[in-house]
Amino acid sequence: MLKKDLVIVGGGPAGMAAAIYAHKNGVKNILVIERDKHLGGILNQCIHPGFGLEYFKEILTGPEYAQKAIEKIRSIPEIEISLRSFVVRLTQNKILTVLKPGALEQIKAKALIMATGCREKTREMVHIPGTRPAGIFSAGLAQKLINIEGFLPGKKVVIVGSGDIGLIMARRLTLEGAEVKAVIEIQKESRGLIRNVVQCLNDFDIPLYYNHKISHIYGKKRVEKVDVVKVDDHLNSVSGSEFTIDCDTVLVSVGLIPENELIEMAGVAMDKKTNCPTSSELNTTSISGLFVCGNSFKVYDLADSVSRDSEIAGKQAAEYLRNRS
Amino acid sequence: MIYDIIIIGAGVVGTSIARELSRYQLKIAIVEKEEELAFGVSKSNSGIIHPGTQNSPESLKGKLCVQGNKLIRKISRELGVDFKEVGELIVAFNEEDISLLEKLEDDGKKLGVPRLKIVNQAWLQKHEPNLSKTAVAALYAPTAGIVSPYRLAYDLAENAVQNNVKIYTNSPVTHIKQLETERDSQAPFEITTPNGTLNARYVINSAGLFADEISRLVGIDNFKIHPRKGEEFILDKKREHITNHLLFPLPSKTSKGILVIKTSDGNPMIGPTAQDVDSKEDLSTSDEGLKKVLDGVRRMIPSISENDIIAYFAGLRPSAGDDFIIRHEDKVPGFINVAGIQSPGLTAAPAIALMVCDILKSAGLKLKKRKIFHSHRKKTIHLFASSLRKIKNFIKKDSSYGDIVCRCEMVSRKEIEDAIARGATTLDGIKFRTRAQAGRCHGGFCTTRILKILSENLKKAPTEITKNGAGSEIVAQERDHA
């Protein structure tokens, strides 16, 4: 079995900041495990500007922000990086089982930082009634399809939820020639940044319906239309307020869930509601020497804050290793 | 060329019949209207191999179910299908209902259901600890089991093809004409699909929801298929061990009730509802359905939470009265209806296939065994169902088993490429065969990669790749890079 002083799972902004700062604080034997074929995580598909003002003191796009961290981490020879590598199992005593093309490896970590980010809530988790045709995407998947793969997911789009990814995708789809017919938000206000409501919707005259929800999705093979209905303060439908929007695509942007199934498997105490570790101090868990940072610790608004707090995880792991030896 | 037999409909019934008939020296084809097999009624089957209880002792359903429960074990071994005998409990919540359990037990015994027994509250609390403490007794049927309904259909079809059965997909039957009778032989049928015509001496109609419409094409209009919708909700794999058995309430007249189902994928499933609908295409789910299912299962397992649900779907049962319709239509010699195959149709399918063989024999078809019948197929590899030691060996043999595409369900590129080699052409086909996209993120991370793998392997443009057939293309267009 391979042995490492520090293993970091996830090579997005959180994992990279944690690795760099663990090294800065004296850890010399570090492995970063990343499932994708590049470092950078979700930043790679966020090609809009708005990153880096706090952390790098300049306005960057997602890939630019990632690149700065990648250059830094690549310049440190003591940090080993394993790409296209999936952790499929984690035990309480920090043994990881990793699958990658051509190998299954087991690695014992003295200290472990999990920087596994989030997944998007799905249409299924908010229970939108109706059929299940092609044309229903999470906003992040649509973003990946356009920005990474070069496909337009659809031409007449309704977006559910006004979180930042949904707002940014409204603008992105419009720029790509799709017609964004509406953004539907069940709450009284957007969960996204105000600047995104202004720059992504208002500037493009895209209607945003607060206190509304999609009550039904229609379509046999591909989405054909959706019913929209107003909701009252208790989120119950207001009868008589229904209207229909013809569309071929529904984007779902209804929030993020920390991707913490591995630490749950290892027996870390979890908050069932948020899927985050229950914790009294930033980045710590119920298992000593097992840290969680970035969006898998709590859902952040800004990548800059993720980097800042994840540096602390690097320091915490270094300190843990020092006290241990 | 004239086929000896054409089977209309490639669900679990059609593929079971095809595989059984492929033992004999016959030219056989299956025609299927959808892009892939098992895309009709079978894809939303619950996957339960029923023991035979909850059927009237006189019914064809009951008889074929008990027989099918025995046959499915051998078929599963031969085809490498994961069959698990998990047992079922039909639960009673008050003392008066125990007499109803006894009635079910009696009916079951008359049908020959083995090892039935009524268990008491103490037994239940020991063997099914999450069951509501208000449950007083249950009828325990240890021979109940689970399989993956679509993987069973795919494996049956694959084995049938190994034995020379031909499958035509995307071929909805629009006309059937019986040609003039030749001397001393069965008058052949001419079957028309948009892709052309096929001829066969015998036609087996296992067209599921559309069996009445197919039957009418030959002028037999003696039954009607009523679609009855069932909404089902799939729970996160983390809840795999929420029950140890399949849990049933006492049955009503029209359905077996809302169940807690174990599945061979690991994810528990709750449902189904039972609602008569007008349209054979109404696969929508509803808020009311969710509420009904949650209320129903919480009576049995109070700890089931709405937050455990990761996916849901609706299916339509092809109901045609109380019992199955399996018969030779004497008015149209050579035409056999296999219709109204709702629950326990999956369990009964192997027995239905044997019954159809007998019907064909009576109708004058000679069944002569092939010299070589390939009875076995190589078990499909699923990493999610394999030990780490085995996974290590798979990767040693082919490195792409280590290339994970779907992280929620642990599905490798090799498994996806295998599924394509075995006939998957759509995202849903990949999902049913491999479970990729079926987990908690619902394809959020892996859809793009699967789209590309399908595109490369099928040599089609990504814009041509569909969810489940023409009209369900995933992406509208490639971006203009000019």
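Trainee: Let me begin with a detail: which residue of chain B does A:Leu152 stand opposite?

Mentor: Keep in mind that this is a predicted model. A:Leu152 stands opposite B:Gln477, which sits in E23(B).

Trainee: How many bridges join E11(A) to strand E23 of chain B, and which way do the strands run?

Mentor: For strands to count as paired, at least two bridges are needed between them. Here two bridges join E11(A) to E23 (residues 477-478) of chain B, and the strands run antiparallel.

Trainee: Now the whole contact. How many residues does each chain put in?

Mentor: Chain A brings 39 residues and chain B brings 42 residues. On the chain A side, the elements giving two or more residues include strand E8 (103-114), helix H3 (139-149) and strand E11 (151-152). H3(A) gives the most, with six residues. Sorted by class, that side of chain A has 15 nonpolar, 10 polar and 14 charged residues.

Trainee: And chain A as a whole, what is its secondary structure?

Mentor: Chain A has seven helices and 22 strands.

Trainee: What does its radius of gyration tell me?

Mentor: Compare the value with what a compact globule of that length would have. For 325 residues that would be near 20 Å, and chain A has 21 Å, so the two agree. Along the principal axes, its C-alpha atoms fill a box of roughly 70 × 40 × 40 Å.

Trainee: What share of chain A counts as buried?

Mentor: Of its 325 residues, 52% do. As for contacts in chain A between residues at least 6 apart in sequence, 65% join residues at least 24 apart.

Methods: Residues are numbered from 1 along each chain as its sequence is written. Chains are lettered from A and ligands numbered from 1 in the order in which they are written. This is a predicted model: local features need pLDDT of at least 70, side-chain atom pairs count only at pLDDT 80 or more; totals for chains, interfaces and linings use all residues. Helices (H or I, at least four residues) and strands (E, at least two) are DSSP runs, numbered from the N terminus. The radius of gyration is taken over C-alpha atoms; the globule rule is 2.2 Å times the number of residues to the power 0.38. A residue is buried if 20 or more other C-beta atoms lie within 10 Å of its own, exposed if 12 or fewer, and partly exposed in between; C-beta atoms are placed from the backbone. Two residues are in contact if their C-beta atoms, placed from the backbone, lie within 7 Å. Ala, Val, Leu, Ile, Met, Phe, Trp, Tyr, Cys and Pro count as nonpolar, Asp, Glu, Lys and Arg as charged, and the others, Gly among them, as polar.
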